[in-house]
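Please read this note with the sequence and the structure side by side.

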Amino acid sequence: MKLVWSPENASKAYIDTVKSCELHQGSGVAELIAAMAAGWNAKLIVETWSQGGRIATSIGLATAAKHTGGRHVCIVPDNRSRVAYIKAISSTITTPEIIVGDPEEVMSELEGVDFLVVDSRRRDFSQFLRLARLSQRGAVLVCKNASGGKTGSWRAVVDDGRRVVRTAYLPVGEGIDMAHVASSGSSSSSSERRWIKHFDQSSGEEHVIRTR
């Protein structure tokens, strides 16, 4: 099986995140990421968060997980961040599963990741991408706060032998760098294309994004 795009799930998650994040500055990123996670029907959604980071993306991913029936995991570096995260998010949604540790410790426990969001402001963000045990169905990898192309070569980051189907850099928020990794054993990409329209509330710009 492969990841299959669901426009209905994407639309519902987008709208629900707009409602949940309307008081959070810069929520355009959260809305877009939520739509992608739900649209790809992600069953294991993983993100990284550190103290001082915005909580809107977590709200969006939790919303996506609700629509897909998936598992939402947030990785934090220490107990101080864990306490801050719980305090920040508990007033808005049900607290996701939280794991404390560094990339080597935590990524080995998470098998079948099909949607991963990392923050490039963390020095170890690329390790999470390299160590991720991706789903056999394929995966979508997202790097936020990626202005200046911090991710580098996706083909160098994804080193499990699977093909990177396509990559894209989106000028939303502080920049989103993303990659779609093929399902295990996939040898060719589909010619079918999917599109998301995203309206950035901060800039007033509309972005049309090709997802397949």
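How many salt bridges does the count come to? The count comes to four salt bridges, where a salt bridge is a side-chain nitrogen of Lys or Arg within 4 Å of a carboxyl oxygen of Asp or Glu. This is a predicted model, in which local features need pLDDT of at least 70 and side-chain atom pairs count only at pLDDT 80 or more, while totals for chains, interfaces and linings use all residues. Residues are numbered from 1 along each chain as its sequence is written, and side-chain values use heavy atoms, with hydrogens and water left out.

1. Glu97 forms a salt bridge with Arg71, with the closest N and O atoms 2.8 Å apart. Glu97 is in strand β3 and Arg71 in strand β2 (residues 71–76), 26 residues apart, so the pair links distant parts of the chain. Helices (H or I, at least four residues) and strands (E, at least two) are DSSP runs, numbered from the N terminus. Glu97 is partly exposed, at 34% relative accessibility, and Arg71 is partly exposed with a relative accessible area of 34%. Here buried means under 20% relative accessible area, exposed over 50%, and partly exposed in between (1.4 Å probe, protein chains only).

2. Another salt bridge joins the side chains of Arg137 and Asp114 (2.6 Å, N to O). Arg137 lies in the loop between β6 (133–134) and β7 (139–144), and Asp114 in the loop between β4 (111–113) and β5 (115–119). Arg137 counts as buried because its relative accessibility is 18%; for Asp114, also buried, the value is 2%.

3. The side chains of Arg122 and Asp124 meet in a salt bridge as well (3.1 Å, N to O). Arg122 is buried, with a relative accessible area of 10%, and Asp124 is buried at 17%.

4. Which element gives the most to the lining of the second largest pocket? The element is α3, with four residues.

5. Gly101 lies in the loop between β3 (97–100) and α5 (103–107). Is Gly101 buried or exposed? Gly101 is buried, with a relative accessible area of 7%. The C-alpha atoms of Gly101 and Ile75 are separated by 7.2 Å, although the two are 26 residues apart along the chain.
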